[in-house]
Amino acid sequence: MQSEISVGLGTGALDILMPMHVVTDRDGTITHAGPVVCKIHPAVPVIGAGFFDLFEARRPRRVQSLEEISDRAGRKFHLRLRDPARTPLIGTAVRLEARQGVLVNLSFGIAVIDAVARFGLAGSDFAATDLTLEMLYLVEAKSAAMAESRKLNERLHGAKTVAEAEARSDTLTGLSNRRALDHVLERLIARKTPFTLMHLDLDFFKQVNDTLGHAAGDLVLTEVARILREETRGEDEVVRVGGDEFVIVFKGMTEKLRMLAIAGRMIQRLEEPVPFGEQHARVSASVGLVSSSQYAVPEAAQMMRDADTALYASKTRGRAQCTFFDATLTAGPEPRETEALESTRAPERSLPRSG
Amino acid sequence: MHGLIICAFESFVRNTYGDAPWLRLVERLDAGIEQFEPMFHYDDGLAARLLTQTALWLEKPAEALLEDFGIFLVAHPASERVRRLLRFGGVDYEGFLASLEDLSGRVRLAVPDLILPDIVLEEHGPGEYLLQCDGAPPEFAPVLTGLLRAMADDYGALVLIEQVGADDNGAGLMLRLLEAAFTEGRGFVLAQRTG
């Protein structure tokens, strides 16, 4: 042990430097306590109490005397306050001169945020050099900054959802979506432009999804989109209306044979296997067609229903078929999953029909 | 200009003069912005135009408006957060004044891209301080004046503040602390209210 310079300090000085300290005599009875220790122990007279009556040793667990604690001078030990919340504390102890007793300096450690609220501590309860206030400041500033960031994220998320809902294209295939289709049909009918509506439904798509997975399914859909775009003109509208359902609007074309030829070619191209890893995804397509020239006054919802009826006829004739609508066809037995027209179609479907 | 500052100014205008004037101001700004985001950055020129327009519309000198803004930052419940963060600076007004030298550093700890001018505090005599803000934009000194006045009220201190030597290179404030505990002040609880 080196010779040390002894510094005589009164308890008043200790209170300033260490507002949360405890001095005990040799037996572990508390003879003096800093102002904050008294503040957090309002109900119990601190002076005269035994150290371990107020504090419970947590780590090292076996330490039951201050003597043992001060043997670990300069090292940290963990305590709990014997209060209802069992407030965790950290401390370090040193022996007083001539083995007169022990001085234990305490701190709340990381539990300080709870402790400040629980005991109503103020800035003046901490030593001037204590960084607790800076830490509390940071915690508060950080949570304010986080709150702003979170608000921004929520706003951006909301804006994204709105933008997606308002978008007129399908994000996977880049084709137009249902909303765009309604818009196009409305415009064509209003301008009395003749057109043909093609309703195309993939065959065996479910099997591709089931056996090769959704990645393969997505790949097939992108391939289908590419083929449909290649097989149509720039002014035609190619729309993905559902999972594996497409509608194509051919502007200015109503000729039945020509339309059937186009549909046939499309089906042929869609049947080409799509390589997926070492395997191949194979689909086909069924097509229903209807032309605006078949009506005195064309109406979008009616045309969609009739195209659907023609498609159903193709499906019942076997896969890879295309059918032009005529009044002798009957609609399919089950509602199909094209959402937007569901409401207009449903009442009709509920009627009993004859084969 | 950091979005947090513009949003604080927005809160000031909305809370003091109402939502409608603010919306009109933003519309008249014609900058394609409907809403300022606190975590974005905006063009300094745009912020300056916003200030000029607001002052013009309120028929108030920009300097007086900025001082009101500084007061709002401390005294209004809508910016309680700012008051709290400032109160962490010191247990009394003099402690708070001393903490102003750390203000820009403290702010950067919380929001790294929010750069505030550095403040240097010189003690000229008992209770007499010069706050030097070198390189600060001319708008800074009036805001700081309002903020220091409101903080004095908050601590219950009685102060006199005047701006000295404002030029392009920054500004200075002369502050006399007449009485440290003139009133009770508003008090400060370390623990943040939850909820």
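Of the 195 residues of chain B in this predicted model, 29% count as buried. The secondary structure of chain B amounts to eight helices and four strands, and from the N terminus on these elements follow the order α-α-α-α-α-α-α-β-β-α-β-β. Among the contacts in chain B with a separation of 6 or more, 58% come from residues 24 or more positions apart.

Between the two chains, 19 residues of chain A are in contact with 16 residues of chain B. On the side of chain A that touches chain B, the elements giving two or more residues are α5 (112–119) and α6 (132–166) of chain A, and α6(A) gives the most, with twelve residues. By class, the residues on this side of chain A divide into twelve nonpolar, four polar and three charged.

Helix α5(A) also has buried residues, namely A:Ala115, A:Val116 and A:Phe119. Seen down the axis of α5(A), these buried residues fall within an arc of 105°, and therefore they line one face of the helix. The elements that cover the buried residues of α5(A) include α2 (35–40) and α6 of chain A. After α5(A) comes A:Gly120, whose phi is positive, near 60°.

In soluble globular proteins, nonpolar side chains tend to be buried together. The largest nonpolar core here has 48 residues, of which A:Met198, A:Val247, A:Ile248, A:Ala263, A:Val287, A:Leu289 and A:Ala307 touch the most other members. Helix α11 (residues 300–316) of chain A supplies the largest share of this core, seven residues. Leaving aside residues up to four places away in sequence, A:Met198 touches A:Val247, A:Ile248, A:Phe250, A:Ala263, A:Val287 and A:Leu289. A second, separate core of 37 residues includes B:Ile6, B:Leu86, B:Ala136 and B:Met151.

Two packed helices are described by the angle between their axes and the distance between the axes. For helix α8 (residues 205–212) and helix α9 (residues 214–230) of chain A, the packing angle is about 145°, and the axes lie 6 Å apart. The residues that make this contact are set out by helix below.

| Helix | Residues in the contact |
|---|---|
| α8(A) | A:Phe205, A:Val208, A:Asn209 and A:Leu212 |
| α9(A) | A:His214, A:Ala216, A:Gly217 and A:Val220 |

By class, the contact of α8(A) with α9(A) comprises five nonpolar and three polar residues, with no charged residues.

How values were computed
Residues are numbered from 1 along each chain as its sequence is written. Chains are lettered from A and ligands numbered from 1 in the order in which they are written. This is a predicted model: local features need pLDDT of at least 70, side-chain atom pairs count only at pLDDT 80 or more; totals for chains, interfaces and linings use all residues. Two residues are in contact if their C-beta atoms, placed from the backbone, lie within 7 Å. Ala, Val, Leu, Ile, Met, Phe, Trp, Tyr, Cys and Pro count as nonpolar, Asp, Glu, Lys and Arg as charged, and the others, Gly among them, as polar. A nonpolar core is a set of buried Ala, Val, Leu, Ile, Met, Phe, Trp, Tyr and Cys residues joined through C-beta atoms within 7 Å. A residue is buried if 20 or more other C-beta atoms lie within 10 Å of its own, exposed if 12 or fewer, and partly exposed in between; C-beta atoms are placed from the backbone. The arc is that of the directions from the helix axis to the C-beta atoms. Axes are lines fitted to C-alpha atoms, for helices over the stretch in contact, and angles run from 0 to 180 degrees between N-to-C directions.
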